[in-house]
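Load the model in your viewer and keep the selection tool at hand. The stops below follow one another, each with something to select.

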Amino acid sequence: MTMGFGFVWAFVLLLIPAALIVYRRLFESRRIAPVRSAGSELWAKVRPSWRVRLRWLPFALRVLVLTLLVIAIARPQTGRTYEVTEGEGIDIVIALDLSSSMAAKDFAPYNRLDIAKVTIDRFITGRQVDRIGLVLFAAKAFTQTPLTLDYGMIRQFLQRANFKMIEDGTAIGTALVTATNRLRDSDAKSKVVILLTDGNNNSGRVDPITAAKLAKAIGVRVHTIGIGKQGVSYVPVDDPVLGRRMVSSSQHQLDEETLKTIATTTGGKYFRATDPEKLHEVFDDIDQMERSPYEIKTFTDYTQRYAIVLLAALAALTLEILLSRTAFRSLA
């Protein structure tokens, strides 16, 4: 909410002369010399009545009326400012791996999924006019949120993503097909899938390369991200006998060649993130690559408030006239 005046010049043209008039009135009243008489000392001891003590009130009300009239002429107004974003956005579907290997704590003290969610959240927050969808996958894949501009909703569902949502496994091909299907009917100028995983395709009925060819056929560009440090990683496992322990996840080693082929086939790019900082850089690179031009226009809707000021001036004038003709009549 903003406040201002439509005619600021009114203060210069009217308020200053009004102030001079008030000053002259006060100056002249002070120039009147007090009349002394033989009984002055006796009158000085008499306690003045409330009329005498408040004899300045009618004049103060006149000053208030004059001030309010000047303010009303200046057209006080309040405005509500809002922004309108204009531009042709692109459609982006993010496919996130929820397989058990994403629990590896090679990004200590956090696991891979935690870091991925934080980074994706930041990426979503930075968009303006692009529709974004979210696909989650492990042994199967499903659409968590369709393409939407409601970034708050996407971020909420992203934060709720966990390993218990889907049967364990890594169905990269199925995830890519699911994400591509969300873009099949899109009329956006650019259609993009960002696929993030740390394993190899060991589930699902669709081969990743076949899925990549399908994406290419309908004009979808796929950027693939391999997450996790090089070498063997360890994930926490709850053993009914031994309790929670760390076990090797070597059986889920990243298939970089397949991810590179998917990206190359669709005209995208393959990235490798071996630490949180690198993953942030990867999404920053994608953010710059897949950026659509847009313009933010600011508008302010003003509401005139001079009527309220005029009513206040009328009320003050009415009170001044009433007091001048009644309680302070003898002092006028």
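Helices (H or I, at least four residues) and strands (E, at least two) are DSSP runs, numbered from the N terminus. This is a predicted model, in which local features need pLDDT of at least 70 and side-chain atom pairs count only at pLDDT 80 or more, while totals for chains, interfaces and linings use all residues. Residues are numbered from 1 along each chain as its sequence is written, and side-chain values use heavy atoms, with hydrogens and water left out.

Begin with the whole chain. It has eleven helices and eleven strands. Of its 332 residues, 40% count as buried, where buried means under 20% relative accessible area, exposed over 50% and partly exposed in between (1.4 Å probe, protein chains only). A contact means heavy atoms within 4.5 Å; among contacts between residues at least 6 apart in sequence, 81% join residues at least 24 apart.

Select glutamine 77, in strand E2 (residues 76–87). Glutamine 77 is buried, with a relative accessible area of 12%.

Next, select helix H6 (residues 151–160). Which of its residues are buried? They are Tyr151, Ile154 and Leu158. Seen down the axis of H6, these fall within an arc of 60°, so they line one face of the helix; the arc is that of the directions from the helix axis to the C-beta atoms. Show what they pack against: strand E3 (91–97), H5, strand E4 (131–137) and strand E5 (141–148).

Now select phenylalanine 157 and arginine 160. The charged end of arginine 160 sits over the ring of phenylalanine 157, 5.3 Å from its centre. The criterion is NZ of Lys or CZ of Arg within 6 Å of the ring centre and within 35 degrees of the ring normal.

Finish at helix H10 (residues 276–289). Its buried residues are Pro276, Leu279, Val282, Phe283, Ile286 and Asp287. They cover an arc of only 140° around the axis, which puts them on the same side of H10. On the other side, Glu277 and Gln288 are exposed. The cover over the buried residues includes helix H5 (112–125) and strand E6 (191–197). At the N-terminal end, aspartate 275 caps H10, with a side-chain oxygen 3.1 Å from the backbone nitrogen of glutamate 277.

Methods
A polar contact is a pair of N or O atoms within 3.5 Å; within protein, one must be able to donate a hydrogen and the other to accept it, and residues adjacent in sequence count only if both atoms are side-chain atoms.
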